[in-house]
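Subject: Structure handover

Hi,

Here is the structure for you to look over. My notes on it follow below.

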Amino acid sequence: MCLAVPGRVLDIGEKDGTRMATVDFGGVQKEVCLEYLPDLQVGEYAIVHVGFALQRLDEESARQTLELFAELGMLQEEFGDPWEQAAEAGGEPWPFTGEPAAAPQEEVTP
C-alpha cells in the first residue's frame, strides 16, 4: 500500500535544480520534492505521496493522522524494511535481529 503521509519539514535545499526538503514522518526522515509547494517553509507540515509534498497541513491534523497511522501499524507498513515485511508475511522470522547466528562448524575427519 502506498499512503499519503503527513510530515514536518526539517530543512530545505536544492538538488540538481529541484527544491527538496528533509521531512520527518513521526521519526522517519525522507528526502521529499517541494516543486508542487514552492512556498512551503521549514517547520510546516505537508501531505507527502511517493516523494512529493502535495498539500500543506496544519500541525494538529498532521499529529492526529500520524498517531492513527501508528496505531494501525501503517507507518511500519509504509516505511518499514520491505525484506523484513516479506519474511514475516511468509511466516519466517527476520534473520537480522536478536542474537547472531552461530558460525557453521567444520567437520573434522580423522
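Keep in mind that this is a predicted model.

The aromatic pair

The structure has one aromatic pair. Its partners are Y36 and F52, with ring centres 5.5 Å apart. Their planes meet at 45°. Planes under 30 degrees apart would count as stacked and over 60 as edge-to-face, so this pair is tilted.

Exposure: Y36 has a relative accessible area of 56%, so Y36 is exposed, given the cut-off of over 50%. F52 is at 31% relative accessibility and counts as partly exposed.

Helix 1

Helix 1 covers residues 59–71, 13 residues in total. From first C-alpha to last, helix 1 reaches 18 Å. That is close to the 18 Å expected at 1.5 Å a residue.

Which residues of helix 1 are buried? They are A62, L66 and F69. Viewed down the axis of helix 1, these buried residues fall within an arc of 65°, so they line one face. The general rule behind such spacing: an α-helix has 3.6 residues a turn, so residues three or four places apart point the same way.

Now the ends. D58 caps the N-terminal end of helix 1. A side-chain oxygen of D58 lies 3.3 Å from the backbone nitrogen of E60. Just after helix 1, G73 has a positive phi of about 75°.

Best wishes

Key: Residues numbered from 1 in each chain as written. Predicted model: local features only at pLDDT ≥ 70, side-chain atom pairs only at ≥ 80, totals over all residues. Heavy atoms only, no water. Phe/Tyr/Trp six-rings, centres within 6.5 Å; stacked < 30°, edge-to-face > 60°. Buried < 20%, exposed > 50% of the residue type's maximum accessible area, 1.4 Å probe, protein only. Helix = DSSP H or I, 4+ residues; strand = E, 2+ residues; numbered from the N terminus. Expected span 1.5 Å × (residues − 1). Arc of directions from axis to C-beta. Polar contact = N/O pair within 3.5 Å; in protein donor to acceptor, adjacent residues only side chain to side chain.
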